[in-house]
Each structure stands twice: as structure tokens, then as C-alpha cells.
Amino acid sequence: MSAFDVATVRPDFPILGRMVHGRPLTYLDNAATSQKPAVVIEALRRYYAEQNANVHRGVHLLSEEATAAYERAREVVARFLGLTSSRGCVFVRGATEGINLVAECWGRTHLRAGDEILLTQLEHHANIVPWQAVAERTGAKIVVAPITPRGDIDLVAFRGLLSARTKLVAFAHVSNALGTVNRRPR
Ligand SMILES: Cc1ncc(COP(=O)(O)O)c(C=O)c1O
């Protein structure tokens, strides 16, 4: 796989054309707020200028157009993620809301006292607090896999913590604190 070519992608993001403290802007806080490429800004402008209306809750033309655009977007995202049905693609406002949704719906239905939720020491609060809340309500226990001095998940310890009691494993792809990328060991 070829390396990510930053120079090719940067011009797509108008905000990266800004100079900050005399240098081209470098932005690393995408997990909190992602910058938007020109195509996204234009799609939002067009939506608000031409179609803005209730999705799934109106019978007039604008609402039908907004609903069709929303469902088209769901299909595109579902294809991108390799889902078999776009019904499996649920839009939420951010990571915390998405994880809370899984914790409250799936977790509250399926977790019982004595079950374990396995997290890692690399997790952001967004992937800890929802599980703490559901563990408190269901009696499930949170178990945390340690990391190595290099900042990788300690896979030997991780395997040792997996058991028949493990009902859910939740971990990020990339750690914002350490830059660790979790991928299949080579
Ligand atoms: C690394 C990381 N993960 C998760 C979150 C939570 O994201 P959201 O604000 O979408 O709930 C943040 C927010 O700052 C973050 O920086």
C-alpha cells in the first residue's frame, strides 16, 4: 500500500490554506473536530441553500428531497464500510454518542452481572465512560488490557484477559495520546 500523500490531500481542505504563526496550518485534532474538504463544504452549502427541511417527517417537496439525499448518503457510507445493508449505518453526532448508543442498547440488553467488558489502557474517555455507566447498571465488570513500554497493546496480556466471561471488547484504531496504530501483527 502506498504511503498517505499529505501534499496531494491538503489542497482539498480550504482551511489548510491558512497561515498560522507564519506557517501553513497543521491540524491534528481531527478526533475532536474534523476539518472539512471543499466537496463537503459545498454539499452543506447546497443543502442549506436548496433542500433544508425535516428528514423523514414531512410530505412537501423539500422534505422529500432532503430525505432522499440523507438516505443516499447512508447508502454511500454503508458501501464504503462494506455493510450488507444501509440499515446498519446509523448517523450520530460523534464518537461518544455512538458508543453510548451501543452501550445503552446492546449493553443494557445483553450484559449481566459477572460478564466482562475488555478495554485497553489506550482508550479515550469516550470509550471508557459509557462502559462504566453500563457496567454500573448491569453488574458487568470492566477489565483493562495493559500497554507495553512502547505504547502498544500487550497482546500476551490481552489474550490472557479474554475468557468466556468477555462479552465485549472495545478499543480504538489509533490512540490520539500516543499515536499507536492498532493493526494485525506482521
Ligand atoms: C481521541 C478522541 N476520541 C474521542 C473523542 C470524543 O469524540 P466526540 O466529541 O465525537 O464524542 C475525542 C474528542 O475530543 C477525542 O479527541
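So, is His21 buried or exposed? His21 counts as exposed, because it has 5 C-beta neighbours inside 10 Å. The rule is that 20 or more other C-beta atoms within 10 Å make a residue buried, 12 or fewer make it exposed, and anything in between is partly exposed, with C-beta atoms placed from the backbone.

Before I go on: this is a predicted model, where local features need pLDDT of at least 70, side-chain atom pairs count only at pLDDT 80 or more, and totals for chains, interfaces and linings use all residues. Numbering starts from 1 along each chain as its sequence is written.

Back to His21, which sits in the loop between strand E1 (19-20) and strand E2 (23-24). Helices (H or I, at least four residues) and strands (E, at least two) are DSSP runs, numbered from the N terminus. The phi of His21 is positive, near 50°, and this residue isn't a glycine.

His56 also has a positive phi, about 65°, without being a glycine. You'll find His56 in the loop between helix H2 (38-51) and helix H3 (61-81). His56 is exposed, with 9 other C-beta atoms within 10 Å.

Now for strand E3, residues 116-120. Here 4 of the 5 residues are buried, so E3 is largely enclosed by the rest of the structure. E3 pairs with strand E4 (residues 141-145) in the parallel sense, over 5 bridges; pairing takes at least two bridges found by DSSP. Leu119, for instance, has Val144 in E4 as its bridge partner. On to strand E5 (residues 166-169): it runs parallel to E3, joined by 3 bridges, and Leu118 has Val169 in E5 as its bridge partner.
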